[in-house]
Amino acid sequence: MSRLLVRSFAVSIDGFGAGPDQDLQNPLGVNGPELMEWFFNTRTWRRMQGLSGGETGVDDQIAERGLTGFGAWILGRNMFGPVRGPWPDESWRGWWGEEPPYHTPVFVLTHHARPPLRMAGGTEFRFVTDGIHSALAQAREAAGGRDIRLGGGASTIRQYLAAGLVDEMHLVMSPVLLGRGEELLHGMDLRALGYECAERVSGERATHVFIRRRADRAS
């Protein structure tokens, strides 16, 4: 069965997965881009932007692995765009231009229905209004046995963790302090939910921590 994986989700030292006041000008929240400095310097990121060069060490290797081999993605609505409430129209087509980086079906959690949106390069956004379990079931069907990446944001990851549905979570511990923003793990007892820290890898600009569901709690 497809695994549900969190990959390359950056968290500040004080526990925030995004900065405060997310909007069109600040898609990661105020100061949120500081979380991603480890990624912006990699060859993987620069190649995605059509640029040459970039760092090729541990951070780059982990970043590249986190973008390959997936058959579907799941995103919270805020990860798709800044629009809140009912969709005023279908003009917003995501943050990424006409060819998003997913190249698979992407299931977007929302309370407001919208027709599927097909983009260049194989990405198709499908909007799910009946909850996290439905989104996961649809993603598993679409993935065809390949793994599913749970892209965030923090609230969406918290919901799947609380339900015990995440098989493995890779957190990038970025050496920054945000002060305010979207907390990822505050108030969550991951040990009681069946998770353990399984691996730690030191990169050039961040520390990579892999949290896995214990074997006795695996599905």
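Student: Which residues are linked with Arg7 in a network of salt bridges?

Tutor: In this predicted model, one group of charged side chains is joined through salt bridges. One link in the group is the salt bridge between Glu199 and Arg212. Together with Arg7, the network holds Glu168, Glu199 and Arg212.

Student: Are Glu199 and Arg212 buried, exposed or partly exposed?

Tutor: Buried means under 20% relative accessible area and exposed means over 50%. Glu199 has a value of 35%, which makes this residue partly exposed. Arg212, at 28%, likewise counts as partly exposed.

Student: How many salt bridges does the structure hold?

Tutor: The bridge between Glu199 and Arg212 is one of them, and another joins Arg3 to Asp147. For the structure, the total is 13.

Student: Which strand holds the partner of Arg3, and what part of the chain holds Arg3?

Tutor: Arg3 pairs with Asp147, the closest N and O atoms being 2.7 Å apart. The two residues are 144 residues apart, so the pair links distant parts of the chain. Arg3 sits in the segment before strand E1 (4-12), and Asp147 sits in strand E7.

Student: Which helices are tied together by the salt bridge between Arg43 and Asp60?

Tutor: The closest N and O atoms of Arg43 and Asp60 are 3.9 Å apart. Arg43 is partly exposed at 38%, whereas Asp60 is buried at 3%. Because the two residues lie in separate helices, the pair ties together parts that are 17 residues apart in sequence: H2 (residues 43-48) and H3 (residues 58-65).

Student: Which strands does helix H3 lie across?

Tutor: Helix H3, which contains Asp60, runs at about 135° to E10. The strands that H3 lies across are E1, E3 (70-76), E8, E10 and E11.

Student: Which strands stand at the edges of the open sheet?

Tutor: The open sheet has nine strands with mixed pairing, in the order E5-E6-E4-E3-E7-E1-E8-E11-E10. Each edge strand has a single partner strand, so one side of each is left without a neighbour in the sheet. These edge strands are E5 (117-118) and E10.

Student: How many bridges join E10 to E11?

Tutor: E10 and E11 form a hairpin with four residues between them. The two strands run antiparallel, and Glu199 stands opposite Phe210 in E11. The number of bridges joining E10 to E11 is seven.

Student: Which residue in E11 is the bridge partner of His170?

Tutor: Strand E8 (residues 168-174) and E11 run antiparallel and are joined by six bridges. One of the residue pairs with a partner in E11 is Leu171 with Val209. For His170, the partner is Phe210.

Student: How many of the seven residues of E11 are buried?

Tutor: In the strand order, E11 stands between E8 and E10, and helix H3 lies across E11 as well. The strand is mostly covered, and its count of buried residues is five.

Student: What kind of aromatic pair do Phe80 and Phe125 form?

Tutor: The ring centres are 4.9 Å apart and the planes stand at 70°. Phe80 lies in helix H4 (residues 77-80) and Phe125 in strand E6 (residues 124-128), 45 residues apart. Both are buried. Planes over 60 degrees apart count as edge-to-face, and this pair is edge-to-face.

Student: Which cluster of rings contains Phe80?

Tutor: The count of aromatic pairs comes to 14. Ring pairs link Phe80 into a cluster with Phe70, Trp73, Trp87, Trp96, Tyr102, Phe125 and Phe127.

Student: Which residue has its charged end over the ring of Trp87 at 4.8 Å from the centre?

Tutor: Trp87 is part of the ring cluster. Arg77 lies over the face of Trp87, at 3.8 Å from the ring centre. The residue at 4.8 Å is Arg114.

Note on methods: Residues numbered from 1 in each chain as written. Predicted model: local features only at pLDDT ≥ 70, side-chain atom pairs only at ≥ 80, totals over all residues. Heavy atoms only, no water. Salt bridge = Lys/Arg side-chain N within 4 Å of Asp/Glu carboxyl O. Buried < 20%, exposed > 50% of the residue type's maximum accessible area, 1.4 Å probe, protein only. Phe/Tyr/Trp six-rings, centres within 6.5 Å; stacked < 30°, edge-to-face > 60°. Lys NZ or Arg CZ within 6 Å of the ring centre and 35° of its normal. Pairing = 2+ DSSP bridges. Contact = heavy atoms within 4.5 Å. Axes fitted to C-alpha atoms, helices over the stretch in contact; angles between N-to-C directions.
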